2 protein chains.
Amino acid sequence: MKTTDNRSKQEWKDLEAAAGNGLVDRRAFLRGGAAFAAAITGYSVAKSAFAEPLADDPWSKVPGALSPPYEKRSHYEEKVVRSLSNPNGEPRTQHARTPHHLLNGTFTPNSLHFVISHAGDPDIDPDQHRLVIHGLVKQPLVFTLDALARYPMVSRMAFVECGGNSAPLFSLEPIQASVQALHGLVSCAEWTGVPLSTLLDEAGVDPKAKWIVAEGGDPPHVSRSVPLAKAMDDAMIALYQNGERIMPGNGYPLRLLLPGWEGNMNTKWVRRLQVTDQPGMTFYEARTYAPVLPGGKAYRFYFIQEVKSFITHPSPGLAMKGPGFYEISGVAYSGNGRIAKVTVSADGGKSWAQAALQQPVLSKAFTRFRAPWRWDGGPAVLQSRAWDEAGNVQPTRAQLVAGRGETTKVPPVTAFVSQHYNAIVSWSIERGGEVKHVYG
Amino acid sequence: MKTTDNRSKQEWKDLEAAAGNGLVDRRAFLRGGAAFAAAITGYSVAKSAFAEPLADDPWSKVPGALSPPYEKRSHYEEKVVRSLSNPNGEPRTQHARTPHHLLNGTFTPNSLHFVISHAGDPDIDPDQHRLVIHGLVKQPLVFTLDALARYPMVSRMAFVECGGNSAPLFSLEPIQASVQALHGLVSCAEWTGVPLSTLLDEAGVDPKAKWIVAEGGDPPHVSRSVPLAKAMDDAMIALYQNGERIMPGNGYPLRLLLPGWEGNMNTKWVRRLQVTDQPGMTFYEARTYAPVLPGGKAYRFYFIQEVKSFITHPSPGLAMKGPGFYEISGVAYSGNGRIAKVTVSADGGKSWAQAALQQPVLSKAFTRFRAPWRWDGGPAVLQSRAWDEAGNVQPTRAQLVAGRGETTKVPPVTAFVSQHYNAIVSWSIERGGEVKHVYG
């Protein structure tokens with residue numbers, strides 16, 4: 001096995017430096033050519049390992065497995081799972097977190113989409129389920145699934161993020177955990193369904209109406225209030241998730257989708273939309289998702305998941321395998337629209353290089369960013385920072401906690417300052433290749 | 001239950017007609033407003049069905065199910081499966097076809113992506129698998145999966161279609177079967193991996209090279225030749241399919257992806273790329289995928305899957321549920337780039353309305369098209385016709401078979417005229433609501 005240590009310094013110099021500590025210009029590999037090819041040489045097995053004829057591998061000497069009607073992934077991938085906060089399903093909330101460090105691309109497979117479920121996932125018979133629209137409308141309506149299936153539909157990529165995602169980063173000291181444990185309460189999917197505006201238009205909204213209160217068909221009937229303007233803008237009654245009917249944990253057979261807004265508001269198993277002139281001040285909006293500020297004041301509502309990014313590769317648990325070339329990669333997203341720019345630092349924020357954004361960049365959806373990096377084997381602190389098209393930028397952690405506070409050891413306070421963390425995340429690369437969570 | 005029959009004719013007149021037999025302007029529902037809302041009224045249950053308080057459904061009276069680490073879909077969806085041509089896995093080719101009529105959105109879930117497997121799906125240990133690049137190169141290279149994971153990656157949506165998809169439509173009489181049986185050998189996914197040009201650049205391609213011969217790690221080592229220009233253009237060594245590692249039937253742990261080109265060339269379980277100065281004239285390219293023309297001549301190669309579309313909703317097996325509003329929806333794609341336009345007819349091609357294209361429209365990927373339609377309960381013949389940005393248009397079936405021939409009852413000829421069907425597909429709506437396959 002050759003290593004990159006053998007390559008001449010000139011080869012690396014030929015690659016345009018984009019920032020300190022080894023960050024390479026993102027366009028380097030798009031330009032192709034000998035310089036980059038030479039620089040990355042060495043990740044392959046040496047020439048001596050190749051000899052004709054190629055030996056048959058054991059799996060090509062026996063008949064393969066049957067392609068089943070509904071295919072399962074390889075048994076070698078069984079470690080790629082969501083982590084559960086409540087693995088025995090005790091009577092309390094379940095958090096199933098997405099393993100971002102083991103995925104790639106721009107959205108989340110259905111089986112690995114995050115789920116928060118307050119009383120388990122109800123087993124809803126789609127033929128019996130109904131969606132009611134009532135309240136301040138000319139004509140209350142009751143929809144069957146068959147009826148909804150005849151309406152004009154739209155598809156869109158959208159992330160859904162729990163307002164409490166990344167809550168561990170409010171703690172006074174950086175918690176050593178994987179990107180899954182720290183940031184696993186956000187996922188992205190293509191949702192297909194009926195624009196809510198179509199259904200509200202049909203019901204005929206009263207001019208006095210200002211809100212809708214959405215109620216789930218789960219045992220606690222989790223409910224949230226949504227301003228009518230959002231309901232008439234890009235809200236959707238979603239029936240399909242990544243091409244197939246939505247998953248039990250994500251609201252089967254239908255959910256409210258509010259692109260870019262706090263996950264808890266995207267009512268799963270939705271059975272009722274009451275059109276009203278005021279918010280319902282339901283349990284979750286009045287208590288859990290009204291973040292309390294250090295001075296004692298609180299947000300009344302905090303709907304939008306603001307611009308954010310984190311690096312998935314490398315990240316804690318994915319140890320580096322020797323010095324040389326790596327691709328730094330992660331996801332960025334904003335509840336305010338498209339991602340405009342992501343920059344990456346390898347020196348803890350002293351210098352920054354612009355990352356490549358995977359096209360197409362879609363509004364309120366994951367954008368995969370990538371930046372080529374040469375790790376010299378020494379210490380490094382990796383960070384990413386995202387801007388959205390509305391001009392918002394990720395704050396530093398110091399800026400965020402200055403306004404919002406940090407988690408103390410008093411449990412009630414802990415609960416209230418753990419919402420809407422969107423500041424910069426820092427991974428430290430140790431000399432041996434271990435990746436640790438630090439505050440940059 | 002109200003039905004649309006009760007609505008006034010004026011309400012429908014307010015909707016702008018876009019073509020004969022009930023096709024409505026695609027922008028009607030985007031404009032919203034009372035006219036459209038009134039026109040679709042009636043798919044909901046009548047007002048009398050709603051009364052406060054809403055009764056609790058049985059599933060909200062018991063604790064829900066545990067969210068598992070790797071979530072499964074609802075048991076109510078178990079009918080949504082691929083159909084198998086060889087369900088007992090006998091020693092011959094397996095075809096697992098995508099149920100397009102039961103899906104929606106713009107791509108195919110991994111468990112339902114079509115598969116053709118000539119000797120089953122090999123059970124490959126990713127730690128043991130190697131990819132070799134050799135032949136007319138400066139430096140043969142052998143890649144482990146770990147090595148490939150460090151290279152710069154890209155993600156892209158791409159359809160993969162078997163050259164034999166839609167082969168039943170070469171038959172003299174229209175075969176009565178579902179869209180799954182007729183067109184189920186095409187699917188679309190987001191693929192993430194390493195651009196093949198990066199790896200070929202690193203190996204150093206000899207100026208004399210013109211082809212690569214790709215060889216699979218399956219028992220028959222299925223092999224195909226690819227012009228070097230395509231390999232250096234948008235070819236990819238794909239490691240991820242829709243965010244997770246690719247499925248066993250689609251080449252786990254890695255496949256060659258040639259966006260827009262014949263499925264069989266997208267070598268699964270790829271283990272070797274030999275750079276050469278001529279094509280390998282392998283079994284599949286010399287025999288199966290060299291379509292024979294009526295005069296006895298044959299295509300030597302036929303790489304590109306040309307512009308195509310078909311309607312998935314409604315389609316055979318999805319019976320109509322009474323007259324009134326329906327959304328006509330389907331998929332369009334082209335191996336030559338983006339879809340430029342799709343038109344839909346409800347009168348067997350006499351008049352056409354432009355369909356709405358789900359944005360973003362991506363090159364060499366599924367584009368979902370949608371057209372609002374009022375079915376009056378009478379006979380109708382639904383068709384779709386797609387154009388791509390290169391100016392290609394789907395031919396009529398008569399035009400296609402005039403050049404390519406039809407399937408006779410002589411089996412050897414049957415095999416050879418069954419490739420690359422991309423002509424217009426026609427569904428007849430019978431008076432009772434049944435949907436049949438016809439030649440329009």
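Of the 440 residues in chain A, 61% are buried, where buried means under 20% relative accessible area, exposed means over 50% and partly exposed is in between (1.4 Å probe, protein chains only). Keep in mind that this is a predicted model, in which local features need pLDDT of at least 70, side-chain atom pairs count only at pLDDT 80 or more, and totals for chains, interfaces and linings use all residues. Residues are numbered from 1 along each chain as its sequence is written, chains are lettered from A and ligands numbered from 1 in the order in which they are written, and side-chain values use heavy atoms, with hydrogens and water left out.

Let's start with the fold of chain A. Its secondary structure comes to 10 helices and 24 strands; these are DSSP runs numbered from the N terminus, with helices being H or I of at least four residues and strands being E of at least two. If you look at contacts in chain A with a separation of 6 or more, 72% of them are between residues 24 or more positions apart, a contact being heavy atoms within 4.5 Å.

Now for the pair of chains. Chain B can be laid on chain A with an RMSD of 0.0 Å, using a turn of 180° and a shift of 0.0 Å along the axis; the superposition is by least squares on the C-alpha atoms of residues with pLDDT of at least 70 in both copies. The two copies are thus related as by a two-fold rotation axis. The same surface serves both of them, with 100% of the contact residues of chain B recurring in chain A.

How much surface goes into this contact? The size of an interface is often given as the accessible area lost when the parts come together. Here chain B and chain A bury about 10,000 Å² between them, and 56% of that is on carbon and sulfur atoms. That figure is the accessible area (1.4 Å probe) that two parts lose on being put together, summed over both. On the chain B side, B:Trp59, B:Glu71 and B:Arg150 lose the most area to chain A, together 10% of what that side buries. The contact takes 120 residues from each side, chain B and chain A.

A salt bridge you can pick out in the model joins the side chains of B:Asp146 and A:Lys321, at 3.0 Å from N to O. Sorted by class, the side of chain B that touches chain A has 56 nonpolar, 37 polar and 27 charged residues. Here Ala, Val, Leu, Ile, Met, Phe, Trp, Tyr, Cys and Pro count as nonpolar, Asp, Glu, Lys and Arg as charged, and the others, Gly among them, as polar.

Two loop residues show the contact close up. A:Ser60 sits in the loop between helix H3 (33–40) and strand E3 (83–84) of chain A, and at 7% relative accessibility A:Ser60 counts as buried. Leaving out residues up to four places away in sequence, A:Ser60 touches B:Gly217, B:Asp218, B:Pro219 and B:His221. Over in chain B, B:Pro68 is in the loop between helix H3 (33–40) and strand E3 (83–84). B:Pro68 counts as partly exposed, at 26% relative accessibility, and with residues up to four places away in sequence not counted, B:Pro68 touches A:Arg82 and A:Leu84.

Finally, some backbone details. The peptide bond from A:His313 to A:Pro314 is cis, with omega near -5°, and A:Pro314 lies in the loop between strand E16 (308–313) and strand E17 (324–333) of chain A. In chain B, a cis peptide bond joins B:His313 and B:Pro314, with omega about -5°. A:Lys364 is not a glycine, yet its phi is positive, about 55°. You'll find A:Lys364 in the loop between strand E20 (356–357) and strand E21 (367–375) of chain A, where A:Lys364 is buried with a relative accessible area of 12%. As for B:Lys364, its phi is near 60°, a positive value in a residue other than glycine, and B:Lys364 is buried, with a relative accessible area of 12%.

Technical notes: Salt bridge = Lys/Arg side-chain N within 4 Å of Asp/Glu carboxyl O.
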